[in-house]
Amino acid sequence: MSRQSIVDHIPGLRRYARALTADAWAADDLVQDTLERACGKWRLWLVGSDLRAWLFTLMHNIYANQVRGAVRRARHATLVELEAHAAELVAPRDAADLELDLQRCLMRLPEDQRAVLLLVTLEDMAYADVARVLGVPIGTVMSRLSRARSRLRELMEGGAAPARDPASGLGEQDPAVPVLRLMKQAGTMP
Amino acid sequence: MKSDPNEASNRVSDEELHALVDGRLDPVQREALLARLARNPQAHASWQAWQRQRDALRGLHREWLDAEVPAALADAALLASDRQQRAGHWWRWGGMAAGVLCAFGLGWMSRGAQGPLVAAEGPTALHAAPAGGVREFVHQASVAHMVYAPEVRHPVEVSAAQQEHLLQWLSKRLQRPLKVPDLRAEGYELVGGRLLPGSDGARAQFMFQDKAGARVTLYLGAMQAQAASPALVAARPGGPAALPPTADLRESAFRFFDEGPVPGFYWVEQGFGYALTGSLTREQLMRLAQAVYRQL
C-alpha cells in the first residue's frame, strides 16, 4: 500500500519538476535525486503524515541547492551566454505557442515565487502545506503568491519580452535552469 | 458611491482573491466576494486575469501526468517505499539497535585487519541480526534481488556482453574500481549489472545465472562510517589510545542473513559492503560468497 503510494506520486513530481526547471532532463534528474534522498531520509518521515508534502519538501531542498550552486558558478562562467539566451524570450507567434510562452514567463519569475505559484496551481496544494514544504511562514507564501501572479500577468499581457538592459547582468528574474542547461551544453556538468 | 473601489466595503484583499481563484472559499463566502468584485472593476480584472492564469497553469505539462514513468524512477520509488514501510518498525527498535551496533562494533574491531573469517558451521555460528546501517544494506540487497531476479526482459541495465563498459560505468558511479567475480567454476555465468540508489549513495548489483536459470545477485556499495561513541572507546580494553583507525571498525566476518525476502551472506571490508543473495541453501550461498571474496 505504502509501496504503491510513492510510485503514485512520481507523475506529479515529474510534472512539477518539469514546470519548475523548464527542462525535461533536469526534471527527471531532480525526481531521481528526490527519490534517492527519500531513501536516505526515510527515518524523518512519520508514518501517517503527508507523504506528498514530504516528497515535495525533499525535492524543493535539492532544487534550491542546485540553483544556488548554478547561480554561483554562472556568476563566473556564463553571464554572456545567458544574455544571448534572453533573446528567446519573445511573444508567442500563435496560440499553439501559449504553453511554451507560459513556461518561459514562469522562468522569468524568481525561483521562490515560481515554486509557490506552481505548488498552489499545478499541485493545488493548501497554502499551509506550501509553507511547510518551502519552510517559510504562511505570510511569506501569500506575499510571494501575490507577487508571482502580478508579475506573471504583466509578463503574459505586456508582451513576453519587455525591454531588458543588456548590461544589467544577473537580475532577480534570471531563470536558473537556462543557466543549468547552458552549463550542460558547455560540458561542465555530466 | 456604490461602485467606488476605495469604499471600505468594496475593497478586496489579495488573500481573498487567491482564495477565490484557488477555490478555497465555501459557496457563501464566494457569493459575498463576487458581489464585492462587481463593484470593484480593478479587483475584478485582477481576478479574471489570475483565474485565466491558474487555468493555463493547470494545463501546463498535463501530459506528464499520464506519461509512462521511467524504469529508473520507478525502481528508486520502490526502494524508498520499502524503507518507509519499515519506518514504524525502526521507531520501535531504534534504541535497541544502537546497543546492538556497539556490540557488533566491538566484535568487528577485535577481528582487526585479518579480513572476513569464515564461520565454523556450528548451528549458532555468526548468525545474528545485523545492526544499523548494515541491516539496511542487507535488506536493500535482498529487496533488490527480489525485484530484479525474476525479470525476464530487463534483468540488468548493462549486459555481460558489454562487461568492460559495465565495469567502467559502475566503478565511476561507486567511486571505486570494481571487479566482477568469475563464478563459472561454481556454474554461474554473469548476466550483467545495474546501478541502484542506496541510503549512503550509489549501489551496484551484479547478476549471475546458472544453467537452470537460477539467479544470484552480488550487491555492493560504500557503507557509512559508524563512528565509535566515546563510551564505546572508553570501554574497550587498552583505552582510547589503542583504538585502531576507523576503517577497522568497518570490517566484518561473513554473516548469514535471512530476515529479508531472500537470504544471503554479507560482509564488510574497507568501508565497502557486499551481499550475495539468492534463493539457495545456506551452504550453497556460503560457497558462492567465499568464491566472490577470494576474487575481490
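Before we start, one convention for later: a crossing of two helices is left-handed if the near helix is turned anticlockwise from the far one by less than a right angle, and right-handed if clockwise. You are looking at a predicted model, in which local features need pLDDT of at least 70 and side-chain atom pairs count only at pLDDT 80 or more, while totals for chains, interfaces and linings use all residues. Residues are numbered from 1 along each chain as its sequence is written, and chains are lettered from A and ligands numbered from 1 in the order in which they are written.

**Stop 1: a pair of helices in chain A**

Select residues 111-121 of chain A, helix α6(A), and then residues 127-134 of chain A, helix α7(A). (Helices here are DSSP runs of H or I with at least four residues, strands are runs of E with at least two, and both are numbered from the N terminus.) The two helices pack at an angle of about 140°, with their axes 10 Å apart. Axes are lines fitted to C-alpha atoms, for helices over the stretch in contact, and angles run from 0 to 180 degrees between N-to-C directions. α6(A) and α7(A) are therefore oblique to each other; angles under 35 degrees count as roughly parallel, over 145 as roughly antiparallel, 65 to 115 as roughly perpendicular and the rest as oblique. Here's where that convention comes in: α6(A) passes α7(A) in a right-handed crossing.

Now show the side chains. A115(A), V116(A), L119(A) and V120(A) of α6(A) meet V130(A), V133(A) and L134(A) of α7(A). (Two residues are in contact if their C-beta atoms, placed from the backbone, lie within 7 Å.) What classes of residue make up this contact of α6(A) with α7(A)? Seven are nonpolar, with no polar and no charged residues. For these classes, Ala, Val, Leu, Ile, Met, Phe, Trp, Tyr, Cys and Pro count as nonpolar, Asp, Glu, Lys and Arg as charged, and the others, Gly among them, as polar.

**Stop 2: on to α8(A)**

The angle between α7(A) and α8(A) is about 105°, and their axes are 8 Å apart, so the two are roughly perpendicular to each other. Pick out Y127(A), A128(A), V130(A) and A131(A) on α7(A), then I138(A), V141(A) and M142(A) on α8(A), to see the contact. By class it has seven nonpolar, no polar and no charged residues.

**Stop 3: across to chain B**

Stay with α8(A) and select residues 41-59 of chain B, helix α3(B). The axes of α8(A) and α3(B) come within 10 Å and cross at roughly 90°. R149(A), L152(A) and R153(A) touch A49(B), W50(B) and Q53(B) here.

Zoom out to both chains: 35 residues of chain A are in contact with 36 residues of chain B.

**Stop 4**

Seven strands of chain B form an open sheet in the order β1-β2-β3-β4-β7-β6-β5, with antiparallel pairing. (Two strands pair if DSSP finds at least two bridges between them.) At the edges sit β1 (158-159) and β5 (255-257), each pairing on one side only.

Select β2(B), residues 189-198, and β3(B), residues 201-209, which pair over nine bridges. A hairpin joins them through two residues, and L196(B) stands opposite R203(B). Move along to β4(B), residues 215-222, which pairs with β3(B) over seven bridges. Find F206(B) and you'll see L218(B) opposite. Five residues lie between β3(B) and β4(B) in their hairpin, and G213(B) in the turn has a positive phi of about 90°.

Finish with β6(B), residues 264-269, and β7(B), residues 272-278, joined by six bridges in the antiparallel sense. In this pair, G264(B) stands opposite T277(B).
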